[in-house]
Structure formats: structure tokens, C-alpha cells
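Here's a quick briefing on one strand and the sheet around it. Have a look at the model first, then read on.

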Amino acid sequence: MLKDMKHQKPTVVITGASSGIGLQAAKVLSESGRWHVVMACRDLAKAQNAAQSVGMRDAYTVMHLDLASLTSVHKFVHDLREGGWSLDSLVCNAAVYTPTSREPRRTAEGFELSVGTNHLGHFLLCNLLLEDLKHASSPDPRLVILGTVTHNPKELGGSIPPRPDLGDLQGLAAGFKETHTMIDDGKFNPVKAYKDSKVCNLLTMKELHKRYHRSHGITFSSLYPGCVATSALFRESPRLFQVLFPVFQKYVTGGFVSEEQAGRRVAQVATTPEFNRSGVYWSWGKRQKKNGEPFAEEVSAEASDDDKAKRLWELSAKLVGL
């Protein structure tokens, strides 16, 4: 738990806040006058420059966090507590996506990078900060994990092969290192690894809700704010994809939203009273329109599997040393 609540404003931590949705959410909350934002990022200089580029002048702090290193996650939690902030909202926004990788990249511990960062790094962070959120200064602490339609084979993004499939979690059970690079222990595929990691994010949110909502008074939720087709998440995609994908989302699917609009939606789910329902995956009707109404979206069959959520939790806890 945070030792010395010397800062009066409630604090929200946003991972991956140096660009895109995370940066825009940080901007909205820092400018509200009601929140102090901790931008948890790998590159401190980049994050500081990004904050200044969007006009953030105060009410924020940049802190180092590399989710691809469990040691870094532990150090971040230690440094956050030493800073004396009351943690009132945690937004797990950061993600890596390496669609052109032919061989798996690794985290500091040797896990495949997408799952190791997007799922295991955030899984450890969430668990370490549960008690801090339980003792928040706010009466309604939040923990929000970003989702995506690509987790769901019933959605267009999830139906395009390779589809997400965690199998029986054989890869995790085998230690998720060396030749065990995929959760289902299949052949390495970087796109599937990303989609699998997002299924894990939703299963984690559901299991957090089941285990800790009543005992800790924390609202756990996820959201898909719309397709931010210009996001830096796609920076390793082929150049032609980066050019055509925003056009496709704007004029064919109608799913495109700007980084600014998506950031506002993240900020709302993380802090405002109308989103205080726990265990919910939020989405927006007619996502491309400014007045699209939020609603509780169904998750995929796999992301609704209670037995798989429990097994994923147990295996993930073992892998991160909990």
C-alpha cells in the first residue's frame, strides 16, 4: 500500500501513455483539474516530449515502466509507492504488436514479447497494485484493461486468420519459454500472439472482477473505444497497410475513431460515475460518430470461459512469480 498520501488529488496510472490513446487519455485527465496522471512508459524522454506536444503543463508525472521486464514492474510499483500518491485508477493501455516478425522476440525473462508484455506484464502490475487500489482515496477505484475486437472471431477483425485460440494453455503450462512460444503451444505466429494476448486481457479482467470486486471495492472493466487505425500500434505493419487501413475503417466499416476520441472514452471509463459497473466490456454504438452511445458488449466465447480464466490466472501467477 502507498505509505504517505502526500498528494491531494486522486491519481490515475496509465501504461503506454507516450503516444496514441494513452497520451490522449492522459491529456484529458490532467487538464480536468481533478486528477494527477502518472504516465508509465518505457522511454521517459519520449513521454515527456509527448506530454509537452499536446499541451500538458502540470498535473502529470512521467515514470519508467517496461512491461517486458518483471523486474521493471516491481521497481515501478516500489517507486510509485515512494512517491506518495493515492492510486485511484489504473489503466492498462500499453501493447506491442509485431506482425512482421518471423521469429519470436523475447521479454527480459524469455517470454514471447506480445503475450509477455500485453498480458503477463500487466497481470503482474494489476496484482501488485490491488491493495493500493483497495486503499484508494477515491470511493470508487477503477482498474481498466484495454480490449479490442480482434479478440473475438465473430467480429471482422477477429475472424480474419489467424484467429485467436488459447487451446488448453499448453504453452503456458510448459513454461512459455524456448520452443514454447504460443499459448496453445502451436507454431509461432506474431498476429495470433497479439490476438491471444487480448483474449488473456479480457479473461484477466473477468477473473479480477470475480475474485476481488466485492472484497476490495474495485470496479474492474475493459473497453473497445473504436478502431484507432492511425495508432502507433501498427508502426511495424507493412507500409501499404498503414496507408489503406485508416481509409478502410473510415469509409467501409465505419469503425474509425480518432486518437482524441478514443482517449476521451478511456478517460471516461477510468473515472466517471456512469462507468462504475464491474465486470463489463464497454463498447460504443456507431463507433465512428461523436454521439455514439456506450453499451456493455458481449465478449467472445473463449473470453467468457470461467474455467479457462481460472486456469490462465493460475498459470500466469506461476510464470510471474506470484
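Strand S7 is covered on both faces: Val280, Trp282 and Trp284 on one side, and Tyr281 and Ser283 on the other, are all buried (under 20% relative accessible area with a 1.4 Å probe, protein chains only; exposed is over 50%, partly exposed in between). Because 5 of the 5 residues of S7 (residues 280-284) are buried, the strand is largely enclosed by the rest of the structure. This is a predicted model, where local features need pLDDT of at least 70 and side-chain atom pairs count only at pLDDT 80 or more, while totals for chains, interfaces and linings use all residues. Residues are numbered from 1 along each chain as its sequence is written, and side-chain values use heavy atoms, with hydrogens and water left out.

**Neighbours of S7**
- Strands here are DSSP runs of E with at least two residues, and helices are runs of H or I with at least four, numbered from the N terminus.
- Strand S6 (residues 219-223) runs parallel to S7, with 3 bridges between them; pairing takes at least two DSSP bridges.
- Ser221 has Val280 in S7 as its bridge partner.
- S7 and strand S8 (residues 294-296) are antiparallel and share 3 bridges.
- Trp282 bridges to Ala296 in S8, and Ser283 sits opposite Phe295 in S8.

**The whole sheet**
- It's an open, mixed sheet of 8 strands, ordered S3-S2-S1-S4-S5-S6-S7-S8.
- Strand S3 (60-64) and S8 are the edge strands, each pairing on one side only.
- From one strand to the next, the twist averages 25°.

How values were computed. Axes are lines fitted to C-alpha atoms, for helices over the stretch in contact, and angles run from 0 to 180 degrees between N-to-C directions.
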